[in-house]
Structures are given as C-alpha cells and as structure tokens.
Amino acid sequence: MIRNFAVVGPGQATRERLTAALAAAPNISTYRIGRGADPLPVSATFDPSDQPGCRSVLDWFERGAPSGAVLLVDDWALCAGYDPDLVGTVEWIAAFGPSRGVQVVVTARNWADVPDRLRRHLHGEATDFLGLHEIEADLSDKHQRHDLRAAVGGDAGGWPVYLDIGADGPHGTYLGPAAVREQRLLAALLGLMVTHSSNDLNLGLIDMKNIGVFDGLDTAPHVSFALSGEAGDELFERFQDGLAGELDRRQRLLGHEPLPVLLICVDSAEVLIERHPGFQHVLESLTRAGRGLGIHLLYSGDAFPSSLPFQIPEWPSAVPPHDLEDWAELLPAMLIGSAPPAHVLALPPQRQSHADVTLKMVPPQRQSQADLTLKMLPPGAIGLVDKPSEQRRDVLVPTFTEELRHGAIVGKPGTGKSTTLRTLAGVLGDPGRYQLLDGPGEPLDPQRHIVVTARTWDQVPPFIRNSLAFAVEFRLDDPATSLVDPGQAARVPDRPGFGLSVPHRLPAQIALP
C-alpha cells in the first residue's frame, strides 16, 4: 500500500529511518527538495532556494509523475520558509498521489513544524523515543518545559498523543493487565522526566505487588521516593507520616516560594490500603486537596480500588515508541546531575543511613553504618531526634529547668546506657549542678539535677519520673513496659545508641562521646 508519511525527530535519526525505507524499496525514484549533500539514494536534489528548480519538480508531480516516484521534502520548516505556497502544493500531491502510485515523504525536527492541513494526509512517525519528545540525542535540549504535558505515544495515524495533567484532570488512572499498564506508565513517566526538570516535577512511586512497573526509574533526580510491597511496616508508616507532612508543608509554603509539582503513582492501591489501612485517609486527603497544592495522583492496577470514595478518569494512552524500554534503561541514569535531587518526603530510619550534621538523607550509594559522634553535632546536642511527619531530623539537646529537673536512661543490658551517660557528661555545663549516676541505687542529691540509668522504668525513682527534663528509652526487655508507646518500643533496634526520646516520643540516636 502506498502511504505518505512524515518522519519527525533528530536529524541523524531521520536519516537512518529514510535510508532503511529507501533500501527496502529499490524500484522507486526519489526527488528531494532539501539543503546540502545527503547520503540518501535520490534521483535528484533541489536546494529550497532554487525556486525554478523546485517549481519544476513540483509541477511534474502535480501533472502526474510516474508510479514509483517519491517527493521528499527534507526539513519542512526550512523548505516552507522559501516557498509560502509549498503547503498547498504538497497537500494536493499527497491527497491524489497515492492513487497513482506516487508518494510524499516529509522530514521535520518538530511535530509542530508540519501544518495541520497537511498532517491529515500523512502518517506520522517518530524516529524513536527522543524524536517523539523532540529531544536531541545528546539531551542538550531536555527540560525546556514548565507545563505538565508530555507525549505518551502515537495514535492510529502515528501522530503524538499528549498527556496534559492540567487539562486531562489533576488525577488519573491507567488500568489493565500488568504488561499493558507498565508500558503506559513507562511512556508517561519517562516522557515527563525527559522534558521537565526536577525543579518543576517530582515523582513518588509505589509498586505494591512488586511487579516492576516502575523498574529503572528511581535513579532519576525527579524521584522523591520509590516503595515496593516488600518494604516493612516501619517504612510505610514513615511515608504515611511524610505524605501527611507534605500536605502541611505545601500549605505553609504556598504562595511564598515555588514548589515542584508532585506526582504520586500508586500501583495496586487496594493492596496498599489492605496492608496499611492508615493510607486510606492519606490518599483521600491527597486526592481532595492535592490539586491546589501541586499534588497529583496516578492510580494504576487491574481495577480502581472500590474503597476510595471517588471516581478518577483514565488518562490518555497510545502506542509507545518502539525503543521505549531501551531508553527506560538508559535515560534515568543519564539525567543524574541535570538538576537537583527531588525533595525527600521521608528519611530512612536512622539505623539505615549515616546521620551527619546536615541532617539530610544520604544517597543510597553513600550510606554507611559509621557511628554518630559528638564532634559531628553542634554544641549542647547529644544526638538526633527523628521527625518523620516533618521530613527531617533535629538535634537532641537536653534542657533542665527548675520544674523539669531530672533525667533517665532506660534499657536492657548492652543498649548503650553507660555510654550515653558519658556523652551527656561531655555536653553539660557546671558539673556541680548535676549528679549523673550509672544505676538507680546510689545516694541521690535532691539539690542537683539527677540523671540515672536503669534497666526498667520501675527502677527509676518516682520523683525523677515525675520531673523528666530528658530521657532516652533504649530497647527494653519487655516493650509492653514502655513509658512512650509499646508499639514504638517493639520497633526500637537492638543496637547501642538507638531508642526513643522523652518528651518527644520520637526515635532518637545518641552520639558517642
């Protein structure tokens, strides 16, 4: 079947596509209007500035070129710039040529270069994934857009289908079998990442069935977090707090500073809600309040979760480029360093990353189990307290007053009680004001601030428990006896220096002296 088509994309890619097409049809004669020497096997070439030459070949095609003739308009924007009537002439040839065995081929750098009146007679064809998104192979022209729009593939005519998050709805769905929705997700998310900077767009990825729908994307700077169903309860609780905290953070900052759009993609949300019921409220809050705060949700899965009390439309889908999966493996790593990393919604648990004085998440490739020491902290601080809902860590500074006079360090043997006492001694001021006792049974001086160590809270004298300015609860023999919360106490690592702070009731890490 004779078909007119437009090849759109970077110059080298269009050359390769045309070379392959012409080699597959050796009995055709190609007449080119274009600039410069070209390796393509053509019968004749006419420079667009050669008006008589171009007019003669166009007249020949209009009068009825023989079957097997191809009119190649090579670089439409360039050629049309020399001849304002070119679109009308080529449209006529494209409309009536195929019935006579004559074909029109157009190349263009960008989709917008090809006029709409001509498009209806041409089959659009992106040379590759980059061509679909009008990106050069060296990525020098990436991240040029500040909208929420990207191509997700081609329609039946080969022309690009665009996802515009602003126009297609603040939230969307991609539903269907795993293999189908993986293609849709890759096409949409990779397209958004390669055309938008992480300054403008951040992504959160949740793959609850561990089927790999987001595989490879998490290395890109746009990705704020990537969770799979294999993650433990503690990590999901941290992200539940972090997402709720993100709503509060954006409400505070709205109108005061530019914030990147946050697109949260949840695959199999029904599994997330079943395993972690607290996410039901978080997802509802994000879905209802998100648009005004720059938060959008994309739900994917076999079906939309019946437990969520709203309907969300399906976003556009299309045939993905032939080399989508190749670029999905390459592009995320190629984008590293192109823009700042995305805002971190939840730091990893303290025991999983090295805590440094910047209090920021250390990239996974630089994580270590190095110890936290006093010299890494500002004066007066003895450790770090973890605040998941505020997406940060703060220094832990003991503050003794006349009303809150005393302190306690409680935990089973081997949890670092004696070491913490030495750390505390290293940051307190006048030693005459404090009595630090490694054990609860020594003589107590009520005229001073007293800090004791103990294995259980029952061993701490009541007058100290009732006037706690500072306390750390390390791993207990029985978490049910916790002064903070039995559930949190059960998750305290059985490692020296990690516990729960009082009165914060939050995870803490105590520095070595």
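**Entry 1, a bridge.** I started with Gly499, whose bridge partner in β21 is Ala508. Helices (H or I, at least four residues) and strands (E, at least two) are DSSP runs numbered from the N terminus. I then looked up the two strands: β20 (residues 498-502) and β21 (residues 506-510) pair in the antiparallel sense over 4 bridges. Strands count as paired if DSSP finds at least two bridges between them.

I am reading a predicted model, in which local features need pLDDT of at least 70, side-chain atom pairs count only at pLDDT 80 or more, and totals for chains, interfaces and linings use all residues. Residues are numbered from 1 along each chain as its sequence is written, and side-chain values use heavy atoms, with hydrogens and water left out.

I checked the backbone here. Phi of Arg505 is near 60°, a positive value in a residue other than glycine. Arg505 counts as partly exposed because its relative accessibility is 41%. I use buried for under 20% relative accessible area, exposed for over 50% and partly exposed for in between (1.4 Å probe, protein chains only).

Which strands make up the open sheet with mixed pairing? I found 8 strands, in the order β15-β14-β21-β20-β19-β16-β18-β17. β15 and β17 stand at the edges with a single partner strand each, so one side of each has no neighbour in the sheet. From one strand to the next, the twist averages 25°. Angles run from 0 to 180 degrees between N-to-C directions, with axes fitted as lines to C-alpha atoms, for helices over the stretch in contact.

Contact here means heavy atoms within 4.5 Å. I listed the buried residues of α12 as Lys417, Thr420, Leu421, Thr423 and Leu424. Seen down the axis of α12, these fall within an arc of 160°, so they line one face of the helix. The arc is that of the directions from the helix axis to the C-beta atoms. As a reminder to myself, an α-helix has 3.6 residues a turn, so residues three or four places apart point the same way. The cover over the buried residues of α12 includes β16, β17, β18, β19 and β21.

**Entry 6, the parallel sheet.** I moved on to the open sheet of 6 strands, which run in the order β3-β2-β4-β5-β1-β6 with parallel pairing. Its edge strands are β3 (44-46) and β6 (123-126), each of which pairs on one side only. Neighbouring strands are turned by 20° against each other on average, direction ignored. β2 (residues 29-33) pairs with β3 over 3 bridges in the parallel sense, and Phe46 in β3 is the bridge partner of Ile33.

Helix α2 (residues 51-64) lies across β2, β3 and β4 (69-74), at about 140° to β2. Helix α4 (residues 86-96) lies across β4 and β5 (103-108), at about 150° to β4. I picked out Leu86, which is found in α4. Leaving out residues up to four places away in sequence, Leu86 touches Leu58, Val73, Trp76, Cys79 and Ala80.

A search of the whole structure gave 11 aromatic pairs. Rings of Phe, Tyr and Trp (its six-membered ring) pair if their centres lie within 6.5 Å; planes under 30 degrees apart count as stacked, over 60 as edge-to-face and the rest as tilted. Trp111 and Trp159 are edge-to-face, at 5.4 Å centre to centre with 65° between the planes. Trp111 is in the loop between β5 and α5 (116-119) and Trp159 in the loop between β7 (149-154) and β8 (160-164), so the pair ties together parts 48 residues apart in sequence. Trp111 counts as buried at 1% relative accessibility, and Trp159 counts as buried at 8%. Ring pairs also link Tyr31, Trp60 and Phe61 into a cluster.
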